[in-house]
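Thank you all for coming; I would like to take a few minutes to walk through one model with you. Please have the sequence and the coordinates open while I talk.

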Amino acid sequence: MRLFSKVVLIFMLIVVVSLTTIIGLLHTRYNQPLLNFVLAQISPYQVFAKKIDYDIRTPYQVTFEHAEITQHQQVLINANSIQLWLSKSSLTDHKLMFDGVQINNLTTANMPQLNQAEPITIKRLILNNTNIDTPQLTIKQGLIEMDNWQTPVLNTPWWQSFNGNFKMRATSIKWHQITLQQLLINADKHDHQWQFNGISGLWHQATVTAQAQLDNHNHRLTVDQLTISRFHLQDQQLFDAWQQQFTQPITALKTITFNRIDVVNSSIELPQWGADDINLSLENWQWPLTYWQQKDSRLSFSASHAQWQQLNFEQPLAELQFMPQQIISHGMSAHIMQGFVRVDGWMDPHQLFINDLKASGIKWFVGKNWHQKWQQWQQPYTDVIAKKININNSQITSSATTIPFQLAGIDVDAQDTVLKQNNQWGLWQGQVEANLGFGSINQIVMNQAIATMHSNAGQWQLDKLVLPFKHGMLKARARMSLENPLRPWQLTIMGDTMPAQILYRWLALPLPLTGAMDTQIKLNGHANNWADFNTHLTGSANIAFRQLALTNITPQQLLNQWQQPHFSAINLPATLETAASLPLSTTPLTLTAQDGIIQLPLSSITGDDFGLNIDGQWNLANSNQQQCKLTLTTDCKSLIRNWSQGVSTTTVNSSCTGNTKYVPVKVDKTVLPH
């Protein structure tokens, strides 16, 4: 018994001496070889440091200053300091386990591949003042905290190899081409599921907050809430880069669901479009689905000002709903063109349905390229339907078109209309009533014009058209079968004391006349295309003139004008009655048309030292069958112009000098109006 007691005592003395020696060595310059020896027994790693701090009062804590952790002579981690809190179970289980690890001032361009390393478990991993720069991830001055970190399994990034709470703070971070400053993240992760309880940061000087869920197993991200405040964008190239990025699949994600996105007090200023004081809310948006593929997404939008393709919108509002192959407007409104517009309805890729359109006080100045813009806008829609349209006190002005005009005091009321069907514009169904307070078309003034029309199953009818002039009036009725492929039509016009200026102001007849005329016109034909129109035009026109006069041009100037190969009204002065007028007299004119051939009976206009005769026939469909002769005489000169078999010839005789000039030219179908 005494012997056993002595043996135990000796053993305890040896242990105490050994521990004392080890502890003593840990406080000397031999601590590094000793620690590497211990680590070699339980792990494949070695630690090299300029200084190791150890205190017996905290026996499981070691601090490495300016340290490197290596494996097989390869540097895994380089940091200013590494603090280790070794778990007691590491000594008994022969597994490297830490209650805590804190790495300060970690800097690396290639994070270590730990997939094939010996297992490590860290209950609390802290990376303080971390700077990482890799192709996938860049972090500047970051603080990262993870619970229950373990050596990553194959194909798992090191920053996802944990379960528990995750906190992060960084001055700057870049991930998938998205850069954030002053980033804060509070999250929880279990297996492949992330729950981001709070994310905040600065994105291009805008404040961003978010809550989200990430399913790494199914590559799916759900953004519960994303708020962007005070966002400002003026760089078109940057916008194009973002647009390209978000229209292409993100490698790590298959789908992104935005339960709610809010953009607050933001602005965008780009060359083609922009808006100020934007407040936007988007719900249930699916990426990468297009807006035609959304299941049930809603957008609310408001701004103090918006601009799109040179159109300015003041206080625009929009409530939109996105359904599969359909976009529904629950109300869009804006102050535009000095007026106000509100519209609701829906559209799909091929059809536009307007439930209610209201416009008031609009002043539209038509530009040169308005037709091209109109074609681009309406081309996608094969059908356009409007249940109710109400336009009042509006104005349209054009000074850039061939025939300048101004229409003011426009009131339009349309009910249950089909305006476009199978890519063909027209009133296919419904009723339209339009009123015009004042109109000026190429200086022909009208007041209180009225037009009413209706259509039933493609049978369109102009019930009434009244154009009151200063001293006269024009009335018209018409009908057309839109359902018939040939588009047969009929037109009746009655004119009483109409201004004679219409002939060249509206019809481009190259003869500036003033006075009045009474007309009775009845025409019919086909309107499927211009070839059918020219071939089937049939009817008659009776015109009687009163107080006729040649204005703004002398007979000699008119003769010189008509010697040109191409002469038309657009080359004449733009103002009326600014020069002396030459009174003229003429007999009533009767024109007949049969299948596109217009008969011009011999008609004369005479005045003081002025004579004009015209007769023949004008074939709209075949210029080779045109036979027309125009003779103008004035003073001692005469001009004879013939159209025959597609050739126009001009002869000028002058008794003043005895000379005759003969000028043959090819006929131009635009010389005289059809």
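Let me begin with a question: which residues form one aromatic cluster with Phe 162? The cluster consists of Phe 162, Phe 166, Trp 194 and Phe 196.

Before I go further, a word on the source: this is a predicted model, in which local features need pLDDT of at least 70 and side-chain atom pairs count only at pLDDT 80 or more, while totals for chains, interfaces and linings use all residues. Residues are numbered from 1 along each chain as its sequence is written, and side-chain values use heavy atoms, with hydrogens and water left out.

As for the overall picture, the protein contains eight helices and 39 strands, taken as DSSP runs of H or I over at least four residues for helices and of E over at least two for strands, numbered from the N terminus. Of its 674 residues, 43% count as buried, where buried means under 20% relative accessible area, exposed over 50% and partly exposed in between, with a 1.4 Å probe and protein chains only. Among contacts (heavy atoms within 4.5 Å) between residues at least 6 apart in sequence, 45% join residues at least 24 apart.

Let me return to the aromatic residues. The structure holds 15 aromatic pairs, a pair being rings of Phe, Tyr or Trp (its six-membered ring) with centres within 6.5 Å, called stacked when the planes are under 30 degrees apart, edge-to-face over 60 and tilted for the rest. Phe 162 and Trp 194 form an edge-to-face pair, at 5.5 Å centre to centre and 80 degrees between the planes. Phe 162 lies in the loop between strand E7 (137-150) and strand E8 (164-175), and Trp 194 in strand E10 (residues 193-203), so this pair ties together parts that are 32 residues apart in sequence. Phe 162 is buried, at 3% relative accessible area, and Trp 194 is buried as well, at 4%.

Phe 166, another member of the cluster, brings us to the nonpolar cores, each a set of buried Ala, Val, Leu, Ile, Met, Phe, Trp, Tyr and Cys residues joined through side-chain atoms within 4.5 Å. In the largest of these, which has 73 residues, Ile 82 and Phe 166 touch the most other members. Apart from that core lies another, of 65 residues, including Leu 537, Leu 589, Leu 630 and Leu 632.

Leaving aside neighbours within four places in sequence, Phe 166 is in contact with several residues, among them Ile 144, Met 146, Ile 185 and Trp 194.

Ile 144 is also touched by Ile 139, a residue of strand E7 that is buried, with a relative accessible area of 2%. Although Ile 139 and Ile 173 are 34 residues apart in sequence, their C-alpha atoms are 4.5 Å apart in space.

Elsewhere in the chain, is Phe 610 buried or exposed? Phe 610, in strand E35 (residues 610-619), is buried, at 6% relative accessible area. Its contacts beyond four places in sequence include Leu 550, Pro 555, Leu 584 and Leu 632.
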